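Trainee: Hi! Could you walk me through this one? I'm still new to reading structures.

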Amino acid sequence: SRVISLAVIPGDGIGPEVVTEGLKVLDTVTDGGDVAFEKTTFSLGATRYLETGDTLTDDDLAAVSRHDAILLGAVGGTPGDPRLAGANIERGLLLKLRFSLDHYVNLRPSVLHPGVSSPLADPGSIDFVVVREGTEGPYVGNGGSIRQGTQHEVANEVSVNTAYGVERVVRHAFGVASARPRKHLTLVHKTNVLVFAGGIWKRVVDEVAAEFPEVTVDYLHVDAATIFLVTNPARFDVIVTDNLFGDILTDLAAAISGGIGLAASGNINPDGRFPSMFEPVHGSAPDIAGKGIADPTAAILSVALLLDHLGLTDAAARVQAAVAADIAERGEATRSTSEIGTAISDRIRAH
Ligand code: NAD
Ligand code: IPM
Ligand code: MN
């Protein structure tokens, strides 16, 4: 039997609440099978920072890296908490993990499940995946500020786009598109204004397209992409875009397809040199933390992405089917975080 080591980072706020349900479902779907998950929990996040002053030490990073995969809840304290001023948990923990573990593919699928109400009057069929670059762009910390705090301050945050980095994520996105029925890829950027960064993305997409003649390709400026995500999301199959555009578009994608409580993601290192990390798209939601009302579905669907990534496609499909069935019958009834996790687990057990 196969043993898979899983690093679990529950994090802050609703992170631990939704991760508990994700693990409940993982345990159910692997129960009695020949794959066992050996879990190590890492207490990292704002809570840990406030206790010890550490965000992610070299030892933490080395220990997390020794696992086959990572499940993360959410990190980040209450925005504006003065005790966190100067600490940047998002950069020092979440982005440090994504960068150190070379998670250059941030995979964010959006599906409007039957029975889910979209805020769009006429959503049509929503089934697309955003391939967001995960290690470059304006996220890398290539910036600075001079004369800070004065009227003469100049603050720069420069986007980094390397030929190596753009090409590998674009090639991966073509592979994703090629494996889907519609085989369509949309590059989203802002080539009319960001001529250098946009230029390299456009050129690389055109070059790699030659290797994937079965994939149709189009291009949208990011502002127009937000229009079409609202007016005609059915036009999208695979979107490839940079780190920041991808961040923004995937919150919108979540909102049109049933809400942030359903949106799952994978931070993937396709080379397999480092463990990939799976997490809901949402954050620590300080406004509802501790109330037991967070929707754990995004965390549970992130577990499905994790299973899929590890080649456990059957288990992944069982989780997805149970979630789809639960969502279809959800209605307006309010259930607690743990009631939702238990209902999905029960469906898996019953099948
Ligand atoms: P957020 O995603 O935490 O919350 C936005 C809104 O969505 C809130 O009203 C919240 O209650 C709601 N929401 C989020 N998840 C939900 C769920 N599962 N069920 C029901 N409602 C849900 O975004 P924010 O408020 O901008 O950020 C809060 C903190 O989280 C910040 O510190 C931020 O930096 C951090 N953050 C972390 C991650 C991550 O760990 N991956 C992602 C985004 C934000
Ligand atoms: C996300 C989050 C992160 C991001 C933040 C918290 C660093 O918004 O996972 O979408 O911008 O990538
Ligand atoms: Mn985001």
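Mentor: Helices (H or I, at least four residues) and strands (E, at least two) are DSSP runs numbered from the N terminus. The model is predicted, so local features need pLDDT of at least 70 and side-chain atom pairs pLDDT 80 or more, while totals for chains, interfaces and linings use all residues. Residues count from 1 along each chain as its sequence is written, with chains lettered from A and ligands numbered from 1 in the order in which they are written.

Trainee: Which strands form the open sheet, and in what order?

Mentor: The order is E2-E1-E3-E12-E11-E4-E5-E10-E8-E9, 10 strands with mixed pairing. Two strands pair if DSSP finds at least two bridges between them. From one strand to the next, the twist averages 25°, an angle between N-to-C directions on a 0 to 180 degree scale, with axes fitted to C-alpha atoms (for helices, over the stretch in contact).

Trainee: Why do E2 and E9 each have one side without a neighbour in the sheet?

Mentor: Strand E2 (35-41) and strand E9 (216-221) are at the edges, so each has a single partner strand.

Trainee: What does E10 pair with?

Mentor: Strand E10 (residues 238-241) runs parallel to strand E5 (residues 127-133), over four bridges. There, Val130 has Ile239 of E10 as its bridge partner. E10 is also parallel to E8, again with four bridges, and Leu187 stands opposite Val240 of E10.

Trainee: Are the faces of E10 covered or open?

Mentor: Both are covered: Val238 and Val240 on one side, and Ile239 and Thr241 on the other, are all buried. Buried means 20 or more other C-beta atoms within 10 Å of the residue's own; 12 or fewer is exposed, anything in between is partly exposed, and C-beta atoms are placed from the backbone.

Trainee: Which helix lies across E10?

Mentor: That's H8, which also lies across strand E4 (105-111), E5 and strand E8 (184-189). H8 runs at about 155° to E5. Contact here means C-beta atoms, placed from the backbone, within 7 Å.

Trainee: New topic! What does UniProt's "binding site" cover?

Mentor: The unreviewed UniProt entry lists Asp223, Asp247 and Asp251. They are spread over 29 residues of sequence but cluster in space, with a largest C-alpha distance of 14.5 Å. The entry also has a domain, "Isopropylmalate dehydrogenase-like", over residues 5-344. That span is 40% helix and 20% strand. Such annotations use the numbering here, with feature names shortened, and may be inferred rather than shown by experiment.

Trainee: Why does Asp223 count as exposed?

Mentor: Because Asp223, in helix H7 (residues 222-231), has 11 C-beta neighbours inside 10 Å. Asp247 sits in helix H8 (residues 243-256) and counts as partly exposed because it has 18.

Trainee: And which residues surround ligand 2?

Mentor: Glu90, Leu94, Leu95, Asp247 and Val281, using a C-beta atom, placed from the backbone, within 6 Å as the cut-off. Helix H4 (residues 89-100) gives the most to that shell, three residues.

Trainee: How many residues surround ligand 1?

Mentor: 22, and the closest are Gly76, Gly261, His282, Gly283 and Asp295.

Terms used:
Contact = placed C-beta atoms within 7 Å.
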